[in-house]
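Morning, everyone. I'll walk you through one part of a structure that may be new to you, so let's get it up on the screen.

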Amino acid sequence: MDSDTDDLLLPCPVCGRRYDFLSDTEGATCDRCEADLDLYQATLNKARKLLDVAAIKLRDDPAQSLLLAERSRRLHATEEARRMIMLGTLCGRDYQAALAAWKLNCQAG
Ligand SMILES: [Zn+2]
């Protein structure tokens, strides 16, 4: 795997072995520690789907997009979720919240 693909891998919450949890090809049990990863994988997929819908809603319903992005971030705090929150606040014309979200995004790296 190249480094771009490695960035998409997430660690098993028990042993740290890295997986592509968003892929359907990965099993539901960790190959190394045999942890059941079904619930973890379902949570990550739910967070991903919330972000996908948030992106669709961004233009026509930025308030709903923001709510979906915040729900996604609570499930899985990713840089993409933080950016979607920032976009939701911008499209909702809440510029103070957008600035605060941007600052948080900068601090998070
Ligand atoms: Zn494991």
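**Helix 4 and its neighbours**

Let's start with what the buried residues of helix 4 do: they pack against helix 2, helix 3 (62–75) and helix 5. Just so you know, this is a predicted model. The buried residues in question are A81, M84, I85, M86, G88 and T89.

A quick check on helix 4 itself.

Now for the partners. How do helix 4 and helix 5 cross? Their axes come within 8 Å, and the crossing angle is roughly 160 degrees. Anything over 145 degrees counts as roughly antiparallel, so that is what helix 4 is to helix 5. The handedness of this crossing is left-handed. On the helix 4 side, the contact is made by E79, R82, R83, I85, M86, T89 and L90. Helix 5 brings A97, A98, A101, W102, L104, N105 and A108. Sort the residues of this contact of helix 4 with helix 5 by class and you get 9 nonpolar, 2 polar and 3 charged.

Over to helix 2 (38–57). The axes of helix 2 and helix 4 come within 11 Å and cross at roughly 25 degrees. Under 35 degrees counts as roughly parallel, so helix 2 is roughly parallel to helix 4. This crossing is left-handed. Helix 2 puts L51, A54 and A55 into the contact, and helix 4 puts in E80, A81, M84 and G88. By class, the contact of helix 2 with helix 4 comes to 5 nonpolar, 1 polar and 1 charged.

Most residues other than glycine have a negative phi. R93 sits in the loop between helix 4 (79–91) and helix 5 (95–108). R93 is exposed, because it has 9 other C-beta atoms within 10 Å, and 12 or fewer counts as exposed.

E34 is another non-glycine with a positive phi, about 65 degrees. You'll find E34 in the loop between strand 2 (18–19) and helix 2. Is E34 buried or exposed? Exposed, because E34 has 11 other C-beta atoms within 10 Å.

Conventions: Residues numbered from 1 in each chain as written. Predicted model: local features only at pLDDT ≥ 70, side-chain atom pairs only at ≥ 80, totals over all residues. Helix = DSSP H or I, 4+ residues; strand = E, 2+ residues; numbered from the N terminus. Buried ≥ 20, exposed ≤ 12 C-beta atoms within 10 Å, placed from the backbone. Axes fitted to C-alpha atoms, helices over the stretch in contact; angles between N-to-C directions. Parallel < 35°, antiparallel > 145°, perpendicular 65-115°, else oblique. Left-handed = near helix turned anticlockwise from the far one by under 90°. Contact = placed C-beta atoms within 7 Å. Nonpolar A, V, L, I, M, F, W, Y, C, P; charged D, E, K, R; others polar.
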